[in-house]
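I opened the notebook to look up the aromatic rings.

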Amino acid sequence: MTLNPQGVRRSARELNSQAGSSTPAQYDFSLVPNCLTCIETGLQESVLEEVVGRAHWVASVAELIGLSHEAADRRAKKTGSFHGIHHDHAEAERLSFSFVSERAHTDDPIEGYMIRSKEGKYLQGFLWFTNFTTWTHFFRWDSLASKAELHGRAQRDGIKWDSDGTLSAELEAQPRHGDPNDQGVVWPRVAEIALVGALECGGFLVQLALEALEESMAYDFVVVQATESSAGFYDRMGFRRVGALAKYITSDVAPHQARTVAYRHWAYPDQDVSKMDSSIMMAIKLRAGQVVHRIMGEQGGILPNRHQFMERLPARGVLAGLPKAGSGRGSAA
């Protein structure tokens, strides 16, 4: 894994100072049409691109931010303030430049999809996935621990959760390796959907990613850090809330005195997380009949039919090993 020349995460401060280095989107996202998706036939007036490798994602950061902000604005106009998981008056969240840029420079591998309009090639959606990686000296999946903050709260939110602890126990049994102060603790059998932004095509993108990850056999689980406004969406896609615990060792606290708290994804191992909401972690088990094939289900799902929406294909990575259209291999769980 190569993160950057120093081999460690680049700080948000450093990346913010380089905010102008990413090529800005050359169009007004408020004029980009929503993506039209048909349950029976998939994308209608858009094209799909498989994107493998860091360079294209890094170069597209400003465009990804523009799209995600427009999607949040449209969602806010539709839903307004709502009762969220952490806040009684939640609003649709906006991705920051520093977060997207840091992930684009750090995630390894980094593979996924973009959807663009046929006319004008305007970005309408994107998703990338990677290996799940933690950045704390202590981490444990545990949905039933009181400090995981799922008891009572999960039932109130109406989001399905790992109420018997089975999913968290299976996740905790997965192998992991690495150093949180260097390149992170990598979970090689657990994929993470790192970022999603979409104008009405999020379901298409997530279903396609789950089908591809199932077919690849490279992973057994997929996790995602949901937001206040996206938790219900991931619930409908088959994910379940799962609890996790961690310790963050700040400079004024001895390691043996660090408290166990609910996990904050993507926080640094020495970060003060006392004013941060705990992360809304959700997970799904692959090849267990849990992936929802809502779009093109009667045709075997999106994956075996994806080439009809595409203009070019990658030559490497998890996606490259997937079957060609018409090969007879499906991805139904």
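I looked for linked rings and found a cluster: Phe132, Phe139, Trp141, Trp187 and Tyr263 are joined by ring pairs. Rings of Phe, Tyr and Trp (its six-membered ring) pair if their centres lie within 6.5 Å; planes under 30 degrees apart count as stacked, over 60 as edge-to-face and the rest as tilted. The model is predicted: local features need pLDDT of at least 70, side-chain atom pairs count only at pLDDT 80 or more, and totals for chains, interfaces and linings use all residues. Residues are numbered from 1 along each chain as its sequence is written, and side-chain values use heavy atoms, with hydrogens and water left out.

I counted the aromatic pairs: 15 in the structure. I then took up Phe139 and Tyr263. Their ring centres are 4.8 Å apart and their planes stand at 80°, so this pair is edge-to-face. Phe139 belongs to strand S6 (residues 138-141), while Tyr263 is in the loop between strand S12 (260-262) and strand S13 (280-285), so the pair ties together parts 124 residues apart in sequence. Strands (E, at least two residues) and helices (H or I, at least four) are DSSP runs, numbered from the N terminus.

Buried or exposed, I asked of Phe139? Phe139 counts as buried, at 9% relative accessibility. Tyr263 is buried too, at 2%. The cut-offs are under 20% relative accessible area for buried, over 50% for exposed, and partly exposed in between (1.4 Å probe, protein chains only).

Next I checked Phe233 and Tyr234. Their ring centres are 5.0 Å apart with planes at 70°, so they are edge-to-face. Tyr234 is buried at 6% relative accessibility.

I also searched for charges over rings (NZ of Lys or CZ of Arg within 6 Å of the ring centre and within 35 degrees of the ring normal). Arg103 has its charged end over the ring of Trp266, 4.2 Å from the centre. Lys247 lies over the face of Phe138, 5.3 Å from the ring centre.

How many disulfides does the structure hold? I found 0 (a disulfide is a pair of cysteine sulfur atoms within 2.5 Å). The cysteine sulfur closest to that of Cys35 is in Cys201, at 4.2 Å, too far for a bond. Cys35 is buried at 4% relative accessibility. Cys38 is partly exposed at 21%.

Last, I noted the overall build. The protein chain has 8 helices and 13 strands. Of its 333 residues, 53% count as buried.
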